[in-house]
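Please consult the sequence and the structure alongside the text.

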Amino acid sequence: MDKLKKVLSGQDTEDRGGLAEVADASSLSWSTRIKGFVACFVTGILFSLLGTLLLWVPRKGLYLFAVFYTFGNIASIGSTVFLMGPMKQLQRMVEPTRLVATIMVLLCFALTLCSAFWWHNKGLALIFCVLQSLALTWYSLSYIPFARDAVKKCFSACLA
């Protein structure tokens, strides 16, 4: 369990200096981090589900769906900040293995909201929500060793 704590908080590969010890002294405890992660992740899921339910509201349903669904996904990604810390999360988001996935997720977030509010195109907003889910799944798979390769092999075997 200690190894998992070190890996998730980014401490297993860092050289522990005086500044890192000061940062650790003022950081949240492990149990508080887990509680924050769970609370933020569950909030994200609830927002996404609420957005799906609000899709059926007349006239404003799509706008509410786009907002709640996007904010739900943002909260779900933001939940990992509790485990790793904000700087480590940002550093991992721009690593070469997940940079394209990060850009796609953020782009889909923005395009979903743009298509709902500025372009007023319901079909496009739904397409971007689907793309948002796919991009978020691909981004999440980048944190699991060899998961992307397994998914690629599975799809290539199904399509062959």
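S48 is buried, with a relative accessibility of 12%; buried means under 20% relative accessible area, exposed over 50% and partly exposed in between, with a 1.4 Å probe and protein chains only. The model is predicted: local features need pLDDT of at least 70 and side-chain atom pairs count only at pLDDT 80 or more, while totals for chains, interfaces and linings use all residues. Residues are numbered from 1 along each chain as its sequence is written, and side-chain values use heavy atoms, with hydrogens and water left out.

**Helix α3**
- S48 lies in helix α3; helices are DSSP runs of H or I with at least four residues, numbered from the N terminus.
- Apart from neighbours within four places in sequence, S48 contacts F68, Y69, G72 and N73 (heavy atoms within 4.5 Å).
- V38 also belongs to helix α3, which covers residues 30-54.
- V38 is partly exposed, at 42% relative accessible area.

**Nonpolar surface patch**
- I34, V38, F41, V42, I45, L46 and L49 make a nonpolar surface patch of about 560 Å².

**Cysteines**
- The structure contains 0 disulfides (pairs of cysteine sulfur atoms within 2.5 Å).
- C158 is in no disulfide, and the nearest cysteine sulfur, that of C154, is 4.3 Å away.
- C158 is exposed, with 59% relative accessibility.
- C114 is buried, at 16% relative accessible area.

Conventions. Patches are made of residues with over 30% relative accessible area and no salt bridge: like charges are joined within 9 Å, nonpolar side chains (Val, Leu, Ile, Met, Phe, Trp, Tyr) within 5 Å. Accessible areas come from the Shrake-Rupley method with a 1.4 Å probe; for residues, only the protein chains shown count as cover. A salt bridge is a side-chain nitrogen of Lys or Arg within 4 Å of a carboxyl oxygen of Asp or Glu. Helices (H or I, at least four residues) and strands (E, at least two) are DSSP runs, numbered from the N terminus.
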